[in-house]
Amino acid sequence: MKVTLISHTNDAERIIAAAAKLCYSESGVENLLDGLTPEKTEEFVERLATYGHESPIEHASFTFGIEGISRACSHQLVRHRIASYSQKSQRYVNENEFGYIIPPSIENVPEAKAEFEKQMASLAEGYNKLADILTENHTKELMAQGMSEKEARSKARKAANEDARFVLPNACETKIIVTMNTRSLKNFFRLRCCNRAQWEIKAVADEMLRLCCEAAPTLFKNAGPACVSGKCSEGKMTCGQAAEMKEYYEKLKNK
């Protein structure tokens, strides 16, 4: 798994402080940035967190490139609806040699790993067979419509991928670009950095949070699972490790 912070709003914390200043002062738009020293900016951003006033933080966004995750993970990721996504397409990209993600619980048990890899090889073989059969069938149909064999075969393979992908597993490796504003990111971290989140998306969320803290430390000072800045939100389902989680995220944010 690899997470890269591709881009983010330039001078994000100052932009957010300016938005907050507009809400609480008589400053005109042309003067909003006046006097916003690093110290004043930090003060505004921390005050917003104290007030629970979150609309100003929506003015800063962060774009990540995420590679080496499974489709099982990306399916969870895209459920966060206030975001923008661009994902590697199984419809247009040939997956004849697809990579796959092995869960640690399987990786650490030789017998389980051997069975898992056997199943992946079987699915890859099935995908290739289906794609070949469908390619031949589509080629014949397109040639019957008057298309040249070369052009027909090219189009047929793309059409074959569209339906052959139905046998691909959740383990199939994917790549995705994600853009979220700060408010959405904080909600994402609250849910996905939690110990009860699925292990893969938690790893992605932790790395995204680490990168955000490097780019805008004050803005993400209190970000993370609910227990880091307050009470655990999981009720009876709590992991009971609030102290350990606070220590873990304190270290993560200061790497």
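Start with Phe-220: its relative accessibility is 0%, so it counts as buried (buried means under 20% relative accessible area, exposed over 50%, partly exposed in between, with a 1.4 Å probe and protein chains only). A word on the source: this is a predicted model, where local features need pLDDT of at least 70, side-chain atom pairs count only at pLDDT 80 or more, and totals for chains, interfaces and linings use all residues. Residues are numbered from 1 along each chain as its sequence is written, and side-chain values use heavy atoms, leaving out hydrogens and water.

Phe-62 is buried too, because its relative accessibility is also 0%. The ring centres of Phe-62 and Phe-220 lie 5.3 Å apart with planes at 80°, so this pair is edge-to-face. Rings of Phe, Tyr and Trp (its six-membered ring) pair if their centres lie within 6.5 Å; planes under 30 degrees apart count as stacked, over 60 as edge-to-face and the rest as tilted. In total, the structure has six aromatic pairs. Phe-62 and Phe-220 also belong to one aromatic cluster with Phe-188 and Phe-189.

Elsewhere, Arg-47 sits over the face of Phe-44, 5.2 Å from the ring centre; the criterion is NZ of Lys or CZ of Arg within 6 Å of the ring centre and within 35 degrees of the ring normal.
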